[in-house]
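Me: Please take a close look at one part of this model, the interface between the two chains. What is buried there, and which parts take part?

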Amino acid sequence: MQKTNGLDGEKFNLIAWFTTGIGRIVVSLIVPAITFLVLWRGFIFLRDSDAPKLVIVLVAILWGVGGVALLYWVSNWLVEKLPRKWVVRLQPFIFVGPAIAILSWFLAIPVIRTFFISFFDAYSRNFIGLKNYIFAFTDRIMLEAFRNNLLWMVFGTLACVSLGLLIAVLADRSKFETIYKSLIFMPMAISFVGAGVIWKFVYAYKGQGTGIEEIGLLNAIIVGLGGQPQAWLLNQPWNNFFLIVIMVWLQTGFAMVMFSSAIKGIPSELLEAARVDGATEIQIFWNITIPQIQSTLITVTTTIVIFSLKLFDIVRVMTGGNYGTNVIANEFYIERFTYSDAGKASAIAMVLLIAVIPVMIYNLRQFRERKAF
Amino acid sequence: MSAQPDSARKQRRLSSLIVNGILIFICLLWTIPTLGVLITSFRNSEDIYRTGWWTVFPHSAWNEVSRITVPDSEDVNAQMSIPGVEGKYTYEQLKAGVETSNGQKITWYGNKRTRTIIVEEKKWQWFDTSVTLKNYQDVMTG
């Protein structure tokens, strides 16, 4: 009996062979090896090939999507070969693993590296202790940037949220709601640099003299009313507010859309009951609408606060941070890319990160309360 | 609800008017800057830096009708009498532009040596005809 069984095996029964111990090990080595080889060859091809662009693009898509699928499939297949206890233990990591790897590679490691570099000099060679942080917290330029960021945070957020709320509440009562909302939302689709160009035509200032016609809308209005043209972007500290207006113009649409959907979610019985009881519209707004959309209110506010803390583009495009309009992110940019001071720039980046973290944590906690996570 | 009292309906119409009025006002504020860039995109660069984008719309503007040369006998550092114009004016006054009684505006051109005065008349201008698609052509074809 035993002999016949052995003979059957020697007949090179492929399936039977795969199920033997050695066969299993060989297969579980060969399959990953082939996978790796395919991916590697694909990478080499994409890197060195002179093939037509179209072929390269197609191969890249196939290689990228197929490669990821193949990796998942092979590693899953490998783990499933393990004993049951280990399958349960390891399988989650196969699916979470790549996400963790990407997150740490693109987020955690750069943060740690930046933190490390912030203790070194401009060329990241010599350790200079807390010098960069002393600069970041005491330098005149940085203090100005902090003050301006505070202005952005308080006035920008306040204006965005209150205007967004006003428009959402009013539009809810109008027949032409969609038209108003799309018009207000439109600037959201415009890039910050584009917005800079747009607002240059509002704030443009040509100076005083005869025969000069202002091409800036604001100055034209002022002159038309008999006033003197103003250099809107030069007069401190008001130029900060004129820049904040640009952010409000861009971001109110976001606030409005969020508030609008929250307002639509308020049960109509509640509003009807209040109206039957004789509440005025203003009472309804303060005592029903506001409490009902509170969580959206907080989310939108914190989002815009974070946004205004890391604001960069508008200042960069409109004034370049001159004339007392500098902000933290712009100072970071100048230190890093104009003065090439990696140390100071990293210290500023860390300060900015630390400034944003409390708001982020608060925001995430709100999300959790609303079961968004 | 069909038997609504007249005053309530009036009230509702009024509030709807206010709501729409405010919204239209905000929407205008929101779209005018973009409109400015849209119109600017059709103008040539010389016009863009010379006049505001709103000048493509009908408006009345000063248009040059003639030029006067101030005779050499007049001292540019004192009050001058200009041929064909009543009264005497200093260089500074003329430089800033003077509106004459017949609705014309006279402005000194350039520095004191030019001795040239531009006479302008207010004329109603319809839509600007110098708007073109040239900028778009340049952008699209590189």
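Reply: Here is the interface, taken from the side of chain A. This is a predicted model: local features need pLDDT of at least 70, side-chain atom pairs count only at pLDDT 80 or more, and totals for chains, interfaces and linings use all residues. Residues are numbered from 1 along each chain as its sequence is written, chains are lettered from A in the order in which they are written, and side-chain values use heavy atoms, without hydrogens and water.

Start with the contacts. Chain A brings 30 residues and chain B brings 24 (contact means heavy atoms within 4.5 Å). Together they bury about 2300 Å². Buried area is the accessible area (1.4 Å probe) lost when two parts are put together, summed over both. Carbon and sulfur atoms give 78% of the total. On chain A, A:Tyr180, A:Phe201 and A:Ile215 supply 24% of the area that chain A buries against chain B, more than any other three residues.

Now the polar side. The salt bridge count is 0 (a side-chain nitrogen of Lys or Arg within 4 Å of a carboxyl oxygen of Asp or Glu). Polar contacts link 4 residue pairs across the interface, both residues at pLDDT 80 or more. Such a contact is a pair of N or O atoms within 3.5 Å; within protein, one must be able to donate a hydrogen and the other to accept it, and residues adjacent in sequence count only if both atoms are side-chain atoms.

The elements of chain A that give two or more residues to this side are H7 (140-171), H8 (177-185), H9 (192-203), H10 (217-224) and H11 (238-264). Helices here are DSSP runs (H or I) of at least four residues, numbered from the N terminus. The touching side of chain A divides into 22 nonpolar, 4 polar and 4 charged residues. Nonpolar covers Ala, Val, Leu, Ile, Met, Phe, Trp, Tyr, Cys and Pro; charged covers Asp, Glu, Lys and Arg; the others, Gly among them, are polar.
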